[in-house]
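Please open the model in a viewer and keep the selection panel at hand.

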Amino acid sequence: MAKEKNMRRRAFVKLLGTAAVTLPFIGVFKNARAQEKLSLADPMAQSIKYVEDATKVDPATRGGDDRFCHNCMQYTGDPKADFGPCNIFGGKLVASAGWCMSWVKKP
Ligand code: SF4
């Protein structure tokens, strides 16, 4: 009986060890997927005219020359970084100097 209990305890400790080693990697892979850069060929990106350099789009089309991803409500990254996550694209990275038709002023 004591031997069986000891074996169960060992199996439990082994399971905890495996989880402690495995779980952090799952987080890394999940994060890596979310940090994927948005492709300009993405059909949704094209449908809302996403560009990585907003200055190449006529300000009249953009609704002003001060509209960039870095000051858009959907941009959740560091405004000074080159790229940051966008909520519209499921957290994929967009250029902070970019723009698209879904731009909304960051409050
Ligand atoms: Fe950039 Fe905002 Fe468009 Fe996302 S929704 S691509 S942050 S302008």
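The stops that follow concern a cavity, a ligand and several cysteines.

Please bear in mind throughout that this is a predicted model.

**First stop: the cavity.** A search of the whole structure finds one cavity of 30 Å³ or more. The largest cavity has a volume of about 90 Å³. Its lining comprises 14 residues; select C69, C72, Q74, C86 and C100, which lie nearest the centre of the cavity.

**Second stop: the ligand.** Now display the ligand, which sits in the largest cavity. To see what surrounds the ligand, select Y50, C69, C72, Q74, Y75, C86, I88, F89, C100 and W103. This shell divides into nine nonpolar residues and one polar residue, with no charged residue.

Select C69 and C86, both of which belong to the surroundings of the ligand. Are these residues buried or exposed? C69 has a relative accessibility of 9% and therefore counts as buried, the cut-off being under 20%. C86 is likewise buried, because its relative accessibility is 9%.

**Last stop: the sulfur atoms.** Finally, display the cysteine sulfur atoms. A disulfide is a covalent bond between the sulfur atoms of two cysteines. How many disulfides does the model contain? With a cut-off of within 2.5 Å for a pair of cysteine sulfur atoms, the count comes to zero disulfides.

Methods:
Residues are numbered from 1 along each chain as its sequence is written. This is a predicted model: local features need pLDDT of at least 70, side-chain atom pairs count only at pLDDT 80 or more; totals for chains, interfaces and linings use all residues. Side-chain values use heavy atoms; hydrogens and water are left out. Buried means under 20% relative accessible area, exposed over 50%, partly exposed in between (1.4 Å probe, protein chains only). A residue is near a molecule or strand if one of its heavy atoms lies within 4 Å of it. On a 1 Å grid over the protein atoms alone, a cavity is a set of points where a 1.4 Å probe fits but cannot get out, and a pocket is an open set with protein on both sides within 12 Å along at least five of seven lines; lining residues have an atom within 4 Å of a point. A molecule sits in a cavity or pocket if more than half of its atoms lie within 2 Å of its grid points. Ala, Val, Leu, Ile, Met, Phe, Trp, Tyr, Cys and Pro count as nonpolar, Asp, Glu, Lys and Arg as charged, and the others, Gly among them, as polar. Grid points are joined across faces, edges and corners, and a volume is the space filled by probe spheres set on the points.
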